[in-house]
Amino acid sequence: MRVSAATNGREAVDLSDLMLLKDCLWNHADNAPKVLEVVLKTLQRHSRQVPVALSDQSQAPAYELGIDGRTLVPASMGTALAVGSTVPARFVGRLGAVVKGYAGSGTADDPLLIQSVDDLMDLARPDVGPQGYYCRQTADLNISSISTWPVIDFKGNYDGDGCAITDKGVANNSLRWLFRSVGASCIKKLEFINCGLALTAGNQCKLISCKASAILVYGATGIEITSCESGGDIVGVNAIDCKISFCTAIGNMVGSLARECRITSCKSGGVIVSEAKKCEIRGCQSSLPLVWGLADETKIEDCFVLLNANYNEDRGEKGGIACSAYDTSVDRCFVTGKWDGRVKFSGIARHVYCSSIMKCALGDFSPGYGASLEGLIFDQQLQHQWQPQQIRRTENIMGGNVVIDSLPIAAGAIYCNGEPVAAVRFNQRFFENSLGWDFEKIWVWDNQDNRPALRQVGVGATSWATRNSTSSRPQSTVDLLTEQVKANMWL
């Protein structure tokens, strides 16, 4: 393999050199096809998509025998390399290459291989887990038989490669976490079944394309979560200074307080956040109120609430976007759906204090038994008795808000800054031309349900800017193994 690398002008062994094993591991011609299949399948697991520019090896010098018949001479270079000289090489997956007990060297090109539950538990070792190594999981792992899970504080890069980690089924309050903490890390393409990723995640950690059957992470500070899915909450309790985008949750996006967070293009079967403080929420969809309680100093734009609520609360009050809005702006949001249970409901918010509500709409709404619809906004004030010192605006700003005129507004209630519009006029033309909603990049008209819907939300969606930019094109990629084989003179 070293000779193959040297004769192809490289100083390190790559995947294509290992392909030569297809001609070395059999002693009968009948076994050759099976050996080829095993070698190819194994190498494909270590391959990946790379940009075309990174795979171009056309500039690598080819070696040929010199006139003495014993010396390798670069065809395009003047220096010679003696056959007997040492050629630096990196052996992919060599056991104990860097870390005792692990295959791989812990680099991006040759990660530590997590091939067993023992490999996974050994991340608790101080010379492994917090050392910043690159790791790649190579198989689904079941940890349900481990009675006591070790404490792992992880710092590094972990590529799940689409594999899963499975634990025994327990309630959320007994959920086991793979890591106690993760920081300054990137964790991607890893699935968690009946367990969670981390008790705490922070220090600019990145979570990409991960899945969890329950809660993904319990608490988060200063992290980025992109294209992740959860059968429960994405963040179980508080999220502080986080960026969450293109995620999908059966439960909530953030189970408790979100502070100074930016949440974009996420879809939730519950709420986006329970409480928001100094947040930006854009292009999100929820099946319960977007913010269950208070939205404080928060900017909310282009969000869609498709209510499917069955909730009883004596003397309960709720709003489609938030129960209460303090010093908050809400622009171009749409609320529709049904609520079964005792609640006093208002389309956008129950209580608005020194906030801005602009160009929002309340569509068809079905209050079930015990529920009453009391307009777009129930009341508005210039300050709140509990937090007067925190209010920055000096007035409420309302304009361009509409409600469909067929709504069953409760007796004695008023539309409250919502212009009634005939159902026949509640169409894309009205929203696009009269309210100024963007139907090229953000919204699309759902003809089946006759209402606006978000173009891109949740896992699998792409950025509005990327999708609609004329100057940005997807980067071409190729399979690394395929390109290396093409460039190998012996193959």
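**A pair of rings, up close**

Guide: Both Y158 and F179 are buried, a word used for under 20% relative accessible area, with exposed meaning over 50% and partly exposed in between (1.4 Å probe, protein chains only). Before we go on, a word about what you're looking at: this is a predicted model, where local features need pLDDT of at least 70 and side-chain atom pairs count only at pLDDT 80 or more, while totals for chains, interfaces and linings use all residues. Residues are numbered from 1 along each chain as its sequence is written, and side-chain values use heavy atoms, leaving out hydrogens and water.

Now, the rings. Searching the whole structure turns up 17 aromatic pairs. Here, Phe, Tyr and Trp rings (the six-membered one for Trp) pair if their centres lie within 6.5 Å; planes under 30 degrees apart are stacked, over 60 edge-to-face, and the rest tilted. Y158 and F179 make an edge-to-face pair, with 6.4 Å from centre to centre and 70 degrees between the planes. Y158 sits in strand 9 (residues 157–166) and F179 in strand 10 (residues 177–183), so this pair ties together parts that are 21 residues apart in sequence. Helices (H or I, at least four residues) and strands (E, at least two) are DSSP runs, numbered from the N terminus. The protein has eight helices and 45 strands. Elsewhere, ring pairs link F304, F334, F426, F430, F431, W437, F439, W443 and W445 into a cluster.

Keep strand 9 in mind, as it gives the most to the lining of the largest pocket: four residues. A pocket is an open set of points on a 1 Å grid over the protein atoms alone, where a 1.4 Å probe fits and protein lies on both sides within 12 Å along at least five of seven lines; lining residues have an atom within 4 Å of a point. The largest pocket holds about 440 Å³ of space, a volume being what is filled by probe spheres set on the points, which are joined across faces, edges and corners. It is lined by 18 residues, and R48, A108, R136, D159 and K188 are the closest to its centre. Strand 6 (134–137), strand 9 and strand 11 (186–193) each supply at least two lining residues.

F246 lies in the loop between strand 19 (243–245) and strand 20 (248–249), and F246 counts as buried because its relative accessibility is 12%. In space, F246 is 6.3 Å from A461, C-alpha to C-alpha, though 215 residues separate them in sequence.

Another loop, between strand 13 (206–208) and strand 14 (211–212), holds S209. Most residues other than glycine have a negative phi. S209, not a glycine, has a positive phi of about 55 degrees, and S209 counts as partly exposed because its relative accessibility is 33%.
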